[in-house]
Amino acid sequence: MHATRTALVTATLISAIIFLGMTADSLRKMRARTHSDQISAEVIEGKRLWQHYDCNDCHTILGIGGYYAPDVTKSYSIRGEAWLRQFLKDPAKMYPAGRQMPNFRLEDSQVGALVAYLKWVSEIDTNGWPPAPQGVAREEPGGHRIFLAQHCNTCHAIEGSGGTLAPDLTHIGSQKSKDWILDQINNPRGHKADSIMPSFAQLPETEKQELADYLAGLK
Amino acid sequence: MKHPSQKIAREYFLAALPLFFLQVVFGLLASVKYVWGYDPLLNVAPFNIARTIHLNLLVFWLLLALMGATYYMVADELDTDIYSVRLARLQLWILLVSGVAAIIGYFFHWSFGMPFLEQPTLIKVAIVVAALIFLYNIAMTMFTNHHILTRTTATLMGGMVMLSVMFLFGIPFMGNLSTQYYFWWWVIHLWVEGAWELIAASLVAWSLIKLTGVSRRTVEGWVFAEVALVLLTGIIGTGHHYYWIGTPHYWLVWGAVFSAAEPVPIVMMLVDAVRDLLKARTLPIVNTLALAWLGASAFVHFMGAGVWGFGQTLPQINRWTHGTQITASHGHFAFWGAYGMLAIALMYGILPEISGRKPNGKQALSFAAFMTLNFSMIFMVMALLIAGIVQVYLQRVMGMDFLEVQNHLRVWFEVRLVAGCLFTVGSVLLLWDLFRLAARQPAAEAAAQPVPVPAA
């Protein structure tokens, strides 16, 4: 009986000492791995807002949290600053259909703080997580990649894949010209005054051209 | 029941049961949101609030049930009255009031915003006060007139102290998210794979000695060995949460090796329970229900925590599965098996002793509750597992967009919702059964029974 008690005490003590030693070393190394010198007052304000609105119970960050909404660890590097700013200001505009994020009616300075926070998070050395996808989705032609990256498929479907809120685009190329499509991308309400489609005028011109080329090619 | 003060456990259980039911209701609400395309409650009770309340109530009702059982068990083991029933009741009310305040506050963005630990700091301070009252009350019960503790009570005390100390690491706000998560895991992981395991091991050991008549020497010898292994593997095993959060690369090795060994003590607990229940017992089985829940708990604990946990603990696999529905599957299975079922087993074991009612294992209601809850939980866990595997393939391997993948998973979320509805039915049956068992025996029935001879 005494042997197990001794084993218990020894096992716990040894584990705790090793664990605390590794913790001290980790905290030291994490300063460089997380670029802690770049944690500005704005980044901290962003983290406060992130916690205040309990974002982490829908989204995962560093893979931890709710599994209801996308992981935001690399949001900044994937979506870019302009997209994030527009989205945080009015989420429904970017995702008019399907699962939605509430509009928290954030001030511009609050949006700025959240973007600064997400930028800092995206630069944490996460030992290569999340892994780069290996499938075909990344090797799609440019236009289709932009179609997916801008979440056009949330509303529009192509060959049965995508949303149903907006017209099916499987044969859009045989119905509309490339110029018409470009106009639609830039100013949807030019064609239909009550269109709920957001404008994508903010995309770089080359991306808009690539997207219009791709869609015009869908015969 | 040996001492009148042990009745306090009944109050803890009666408080815990409605909270368990509310936990299920909020889980159901969250699972409906996975199926709904557009959430009509988006601006009233969005997903994050439903999930927060679901998680908080989980911890809350389990703690109340385990604390109630602890009061009962310590008094039973050491054959003494609880030091102060008034303190125990005060502690219960502090927890209830602060818990309800926290839940109402979540609807108004009054949140700390870290998963599981969303309670605002003020509420956390109240919880710490309640924990201190609890520790003081238990310690005074243990050490007044006693200089030697049994191994089970010593383990229980160790678990309760560890539980309280670890909670402190979840209180401060840290500017660095990686550091915040580093210490967040000291609460979450070192609770479920440390402190709570200690508490569970000791309560299971006590239940087995009491219900099966297995010799204390056998059971207690195992308890220390199990606990030693839990701590040896579990403390450094925290490293399996330190793969991808900005922590050094060496955790991939340390976390993998130690967490891969974490199922060993869980297997020991299962073997131990099976041996005691089937072979080594010396008493006839009277309380079938408590033993059925206890045995099933050991098995589901092994499946949910041991097998499901091991399945994704190695970094080569975890790299792909981290942060997907596979984790949700594991979380539901492990929590239910290791702690939910144990808390229910303890209530079935203790309530009849307090109320004086017969623990009757042949009741159709008890059987229906047991089967419905366990069947629907396995159903739910399987649906989430399949959803998770498809998600890993489409999202992580193929690189499809998160929300598009969620559309493809809808059928599995629908299956999960059906399982959730069944689980809710099971919860109603369980509450009905346990409230019936907790009700004080009518005077006429009590009079018909032989008066127990008081111990000398």
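1. Chain B and chain A bury about 6700 Å² between them, with 64% of that area on carbon and sulfur atoms; buried area here is the accessible area (1.4 Å probe) that two parts lose on being put together, summed over both. Of the area that chain B buries against chain A, H109(B), F173(B) and L177(B) supply 10%, more than any other three residues.

2. This is a predicted model, in which local features need pLDDT of at least 70 and side-chain atom pairs count only at pLDDT 80 or more, while totals for chains, interfaces and linings use all residues. Residues are numbered from 1 along each chain as its sequence is written, chains are lettered from A in the order in which they are written, and side-chain values use heavy atoms, with hydrogens and water left out.

3. In terms of contact (heavy atoms within 4.5 Å), 78 residues of chain B touch 74 residues of chain A.

4. Between chain B and chain A there are 2 salt bridges, counted where a side-chain nitrogen of Lys or Arg lies within 4 Å of a carboxyl oxygen of Asp or Glu. One of them joins the side chains of D57(A) and R51(B), at 2.5 Å from N to O. On the side of chain B that touches chain A, the residues divide into 43 nonpolar, 25 polar and 10 charged, where Ala, Val, Leu, Ile, Met, Phe, Trp, Tyr, Cys and Pro count as nonpolar, Asp, Glu, Lys and Arg as charged, and the others, Gly among them, as polar.
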